[in-house]
Amino acid sequence: MGKDLRDVVPDTLNDFNLYIGNSRTVAAVSKEVHIPALVRKTVSTDGNGGTYDTPIPGKYEAIEQEIPLKAIHEDMTELMDPIKSVKLTLRGAVQYTDPETGDTDFYGIVYVVRGKCKSTEGGSLKPGETMGTKITLSVNYVLLKVNDKEIREVDLINGVDKVNGKDIMEKVRKLC
């Protein structure tokens with residue numbers, strides 16, 4: 001574990017790389033990847049004062065991960081197979097200012113996603129420009145780590161829903 005980051009001031013994502021599978025091979029990703037929202041399913045409940053939505057732990061709306069690419073590359077073709085699940089790992093360095101010293105330092109973020117190809121978009125062909133190719137995965141697993149600490153883990157296949165390392169579905173699995 002690194003420094004306690006509760007009091008630091010994050011400045012920017014200094015840089016990141018995207019890896020396919022367990023390799024250190026850098027994917028030909030564009031300069032920006034959006035991390036999708038994890039939206040829990042809800043049930044509407046009528047209370048004495050009105051209706052409210054109650055989130056259902058472990059149950060999520062469909063999760064999609066869009067991977068924007070600079071251009072089609074041979075290594076990217078393994079992302080397009082709708083039969084085989086693919087694992088992508090994004091590793092980034094967040095730059096922060098230490099409030100005690102004023103020094104600049106860095107901490108790591110790791111975002112892991114696993115899923116199958118849902119769609120591909122070829123992009124466009126224009127000399128001197130990136131192609132704007134996109135691959136969209138239907139996601140069944142997400143892991144987010146900050147400074148080596150597991151912040152979120154969602155495994156839709158195995159019914160795991162962890163927040164800050166605590167599996168909030170453990171009791172449900174024991175009861176069922």
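What is the volume of the second largest pocket? The second largest pocket has a volume of about 160 Å³, where a pocket is an open set of points on a 1 Å grid over the protein atoms alone, with protein on both sides within 12 Å along at least five of seven lines. The structure is a predicted model, in which local features need pLDDT of at least 70 and side-chain atom pairs count only at pLDDT 80 or more, while totals for chains, interfaces and linings use all residues. Residues are numbered from 1 along each chain as its sequence is written, and side-chain values use heavy atoms, with hydrogens and water left out.

**Overall fold**

- Taken along the principal axes, the C-alpha atoms fill a box of roughly 65 × 50 × 35 Å.
- Of the 176 residues of the chain, 31% count as buried, a class that means under 20% relative accessible area, with exposed over 50% and partly exposed in between (1.4 Å probe, protein chains only).
- Among contacts between residues at least 6 apart in sequence, 57% join residues at least 24 apart, a contact being heavy atoms within 4.5 Å.

**The second largest pocket and valine 112**

- The second largest pocket is lined by 13 residues, and the closest to its centre are Lys87, Thr89, Arg91, Val110 and Val112; lining residues have an atom within 4 Å of a point.
- Strands E5, E6 and E7 (133-146) each supply at least two residues of this lining, and E5 gives the most, with three residues.
- The lining divides into four nonpolar, four polar and five charged residues, where Ala, Val, Leu, Ile, Met, Phe, Trp, Tyr, Cys and Pro count as nonpolar, Asp, Glu, Lys and Arg as charged, and the others, Gly among them, as polar.
- Valine 112 belongs to strand E6 and is buried, with a relative accessible area of 7%.
- Not counting residues up to four places away in sequence, valine 112 touches Lys87, Leu88, Thr89, Tyr141, Val142 and Leu143.
- Valine 112 and glycine 50 are 62 residues apart along the chain, and their C-alpha atoms are separated by 39 Å.

**The cavity**

- The count comes to one cavity of 30 Å³ or more, a cavity being a set of points where a 1.4 Å probe fits but cannot get out.
- The largest cavity contains about 30 Å³ of space; grid points are joined across faces, edges and corners, and a volume is the space filled by probe spheres set on the points.
- Leu18, Val33, Gln65, Ile67, Leu88, Leu90, Tyr111 and Val113 line the largest cavity, and strands E4 (63-69), E5 and E6 each supply at least two residues of the lining.
- This cavity lining consists of seven nonpolar residues, one polar and no charged.

- A search of the whole structure finds one aromatic pair.
- The rings of tyrosine 96 and tyrosine 107 have centres 5.6 Å apart and planes at 40°, so the pair is tilted; rings of Phe, Tyr and Trp (its six-membered ring) pair if their centres lie within 6.5 Å, and planes under 30 degrees apart count as stacked, over 60 as edge-to-face and the rest as tilted.
- The pair links tyrosine 96 in strand E5 with tyrosine 107 in strand E6, eleven residues apart.
- Tyrosine 96 is buried at 2% relative accessibility, and tyrosine 107 is buried with a relative accessible area of 12%.
- Aspartate 98 lies in the loop between strand E5 (86-97) and strand E6 (104-121), and at 12% relative accessibility it counts as buried.
- The side chain of aspartate 98 reaches the backbone nitrogen of glutamate 100 at 2.9 Å.

**Positive phi in two loops**

- Most residues other than glycine have a negative phi.
- Aspartate 148, in the loop between E7 and strand E8 (149-155), has a positive phi near 70° and is exposed, with a relative accessible area of 57%.
- Asparagine 164, in the loop between strand E9 (160-163) and strand E10 (166-167), has a positive phi of about 50° and is partly exposed, with a relative accessible area of 46%.

Technical notes. Helices (H or I, at least four residues) and strands (E, at least two) are DSSP runs, numbered from the N terminus. A polar contact is a pair of N or O atoms within 3.5 Å; within protein, one must be able to donate a hydrogen and the other to accept it, and residues adjacent in sequence count only if both atoms are side-chain atoms.
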